[in-house]
Each structure stands twice: as structure tokens, then as C-alpha cells.
Amino acid sequence: MRRVYGFHGGIHPAENKHQSLGSRIRGAGIPQQLILPLSQHIGAPARPIVAVGDRVLKGQMIAEPGGHVSVPLHAPTSGHISAIEERPIPHPSGFPAPCIIIDCDGEDEWAPLEGVANYRDCEATELLELIRNAGIAGMGGAGFPTAVKLAGKPGQSVKTLIINGTECEPYITADDILMRERADDIVAGIAILQHILQPQEILLGLEDNKPEAIAALQAAAAGSAIEVVTFPTKYPSGGEKQLIEILTGQQVPSGGLPGDLGIVCQNVGTAVAVRDAICDGRPLISRITTVTGNAVDSPQNFEVLLGTPMQYLLDLAGLHPERCERLVMGGPMMGFTVTTPQAPVVKTTNCILAPTAEELPPPPPAQPCIRCGLCAEACPASLLPQQLFWFAQGKEFEKLEQHNLFDCIECGACSWVCPSHIPLVQYYRASKADILQQRREHAKSEQARLRFEARQARLAQEEEEREAKRAARKAAAEKRAALAEQGGEEDPIQAAIERAKAKKAAQQAGDATAATPAKASPEAALRQKLAKSEQRLAQSITAGEDAKIVSALEATVQRLKDKLAEAEAAATETGTD
């Protein structure tokens, strides 16, 4: 028999689970309208790929992943898209968020589905893509995209696959009833995970307060590599790090991940969703949700379509609004108050709790901390809740991080044992949000700084290049000037300037010749042309131009001389006569 270990701290609150286990899982049916938040998981929200007025079929993708850590969203039933707008959602902030609204047509018409005939013939990457496309996120509470978690880090092998059936939170029985009634589907889903991860061992852990579930799983897992492990009931043994320590004796280091130890954890509900996606091609469009509390007549578990308004489920369970003190999503320890019963069921909605004031009374006003140390004794993460409380009050974020605030799993054990009734977890949640916002702002500032520095470096480099070119031109000019002073070779630039001046002067001389009055003698015109040609010839010889050009100019000069001689001889003869 496998040895089980303990973990630091923990508490034993009243379980209150029997109320919702009196009947089998009940189908909730189809409401008139579904409200589907685009963000139902950790990571980037999905992006709509439908428009208002479109008719959609059950199982059709209506929103695509918004990034690597993201999953798509599918229509839970057939109907028409009536709006894409902000609506109230179940979130501790109470703020609305973008949602796709489907007006159900009641036909429940499926889109074509195609499962895998034999998943053992598929590569792990193919199955991971199918799991991602099915929109599966962890159904144990956190909602981390399953395909991303299964993929792990490159080159990281898996030693132990842990399936979490603990469900330690009071009141919640969604996983318990699932293990009782669909143990075969859980085992089938685990077999697919085994094929993907190839672990050395598979442990299915659950508390000993679930005898019916234990018996069903042991029967379903007989002959497989799955080892069903039970351990004493203590809250919060269902926390991922606590369950790892219970089953393996290993502690996940602060700031680390289970994958660093070669361990992957998945919830039993997630295993069933994986089985449905691979074997049947069915995306995640529904889940088991517990509706309980003394304000309802019939506490029970429903298989409910995602997007179903909570009010619809509460009506099915026989809610008495006048008796309901507040509406809680989740259990009394880690759950949060929902601002409106019109908020929808999402992928992480494992319980809707409708307690009376006597059952879950509002906490009394907080009193000053008396430093009793009970919170530190109860903390399952071995933190110092009292110190974290002081740092959170003083907004000392650096000290909070030094004291491992982000190792807090927000289980509420510290608040439960606090005699001063201090809402410790609320302080921790607020501080985490502040630190994350500070990190985002710092990242933006750092990015802006890097962009500015890159621009400055680019401008400096361009200026250096221009200065280098200017220096090179200046050095070349100084060298040419020095050579000219020493009587060396002629500066080609200066020679070009001189040629341009000579050409301009020749043109001006030609213009002057053209403007000579008609009564001017032919000898004078020939002398001007001859002088111009001789000047051009001298310039060509000085510049060292091509011999052909020089020869042509010499011939022109000689021809003009001959013509001038003939003209002068003719003028002499005319004067003699």
C-alpha cells in the first residue's frame, strides 16, 4: 500500500456535503438565453468569430483563442446570436465583461462532430491540438488551459500524473457525484492523458470521506496502471501543491511549478472533458455544478450548459429568495459573492451556494490583530499570514514578495481560524492585484525606456555616420589642396570648375560674336573664332583630355587660320584695286 504524507497546517470545517448527494446528476435543460463570457479561463480572452444575427449550431466554435494561453468558445446549443456586449459575469471584481449572447431555439441541433477512432494511433501533438480546439480548461477551479499545461516545457518529461478527485471544499459535491456515476469515463480520459504524457506512474487521489466514489473508481481502474490513493480528510488537501506533497512527499519550491518535479496534475472533470473531446469530438459546452444551501428546497447536482444564468438553476432547485443571505460561486472557503443571479455558469463554476443568514452569517467587524499565531499554524503553504497582513496594510509590495505572497493559494484557512475575524485573504488578493498591476506598468515603462534608448542609439549612429562622411570629404579636400600646392597632379574638382568657367566664357564670347553688327569685317569674325578655338585647344591640352578631341580642335584652329589668311589676302587685293 502506498504511503501518504501530510502537509503543514490545514483545518477541519463542517463538510455539509450530504445535502446535495441525495439524487443522481440531473440535466438542467435549455434556458431561453445563454450568456457566454469570452474569458472563462486563465489567459487571453477568446475572440468572437460570429456576428449578431448569425444562427449557430450546438458545438460550433463561436470564438477563437486570443493567444497561446487561451482556448476557444463553443455554442452550448443551437440558436441565434442576439448580442455581443458586456454583461455581468461571476468574478470577484463584480465588473461586467464582453459576452456572446445566444437566444436558444430549443432545437438543440448539433454541428457535425468527429471523434478519433483510435487515439493510440495519434501523436501527442495531434491530441493536444484537439484538446485545445475543444476549449478545455482546468475544471477544478483555476481554469488553466489544459493543452498548455499538458504540453509543459520543451524537453521536460513527466514522472507522475496525478488526477485530483479530492474536492475538499465544504458543500461542493460535483466531482464526488461525477466519480460515482461516470467512473468509466474518468478512467478513459486518464488513459488518453497517459498516452499523451507517458508518465511512469498514475495516481488518482481522493479523501476518505467519499466511500462510494472510491469503490466506483477502484472497480473502473482495475487492471489499469491507475493507482487509487485515499488519505485522511483535511482542508485544503485538494490544493495542487498540497496534493502533490500528500501523494509523493515532495514540495513544489516557492515560485516553482509541479512540472519542475516531473509532475502533472489534472482534475477528474477535466479527464472526462478530454475523453469527450477525443473519443466523441465533443467540445466543452457543459459541466456538473452543485446547487446547494439552506435557501433552496432541493440541493443537487446539475449537468448544465455553459452560459446558463444562475437564476435558472436556482429556480430548478427551488430557491427562496427571501431566505438567501447572499449568492456565492464556489464554496464558503474559497468562493466569492456573485453580484447578480443573472450571472452565467462558466467553465470553472463547480458550485452555486445559496446560504441563509443563520447558515453562513456575515462576518463580524474585524478587530485588531492579537498576534496569536493561529493563522501561521493553519497555513498549508507554511507562510506567515500575520506578517503578510501588516505588509499588505502598509502597501509594502517588495516585502510581500520577499515573504512569498504569491505562494498563497487563498484557501481561507487563516481567515477561518482568526479570532479577530480579519478578512486576511481579501488583503492578499488586493495586494496580488496591486503587485500585478505594478508589474504591468513597470513592463510598459521598461518597454518605453528600451524603445527610447534604441531611438537615441540609432540617431547617434546616424550622426556618427554623417560626421564620418564629412570628415572623409574634408580630408580628401585637404589632400588635394596640399598636392596642388606642391605642384603635384591637378585637382580634378578644380579642373572641372575651370572647364565649366571656360565653357561659360566661350559661350558668352560666341554670343558676343553673334551679336557683332553686319558691317564688321569677315577678318574680325574669323579672328574671334580663331581666338576662341585656340583658347579651347589650350584648355584641352592642359586638362589632358582625349587625343581625338585635341586633334579635332587643332584641325579647327588650322582651318580657321587658313580662312583668315585667305580673307586677309582678298582684302589686300581689293584695297590695291
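Because 5 of the 5 residues of β9 are buried, the strand is largely enclosed by the rest of the structure. The model is a predicted one, in which local features need pLDDT of at least 70 and side-chain atom pairs count only at pLDDT 80 or more, while totals for chains, interfaces and linings use all residues. Residues are numbered from 1 along each chain as its sequence is written, and side-chain values use heavy atoms, with hydrogens and water left out.

Strand β9 pairs (at least two DSSP bridges between the strands) in the parallel sense with β10 (residues 201-207) over 5 bridges, and leucine 161 has isoleucine 202 of β10 as its bridge partner. Strand β12 (residues 263-267) is likewise joined to β9 by 5 bridges and runs parallel to it, with asparagine 267 of β12 standing opposite asparagine 164.

Arginine 275 belongs to helix α7, which spans residues 268-280 (helices being DSSP runs of H or I of at least four residues), and is buried, with a relative accessible area of 18%. When residues up to four places away in sequence are not counted, arginine 275 touches Asp185, Ala188, Gly189, Ile192 and Asp280, contact meaning heavy atoms within 4.5 Å. The C-alpha atom of arginine 275 is separated by 42 Å from that of proline 363, 88 residues apart along the chain.

Notes:
Buried < 20%, exposed > 50% of the residue type's maximum accessible area, 1.4 Å probe, protein only.
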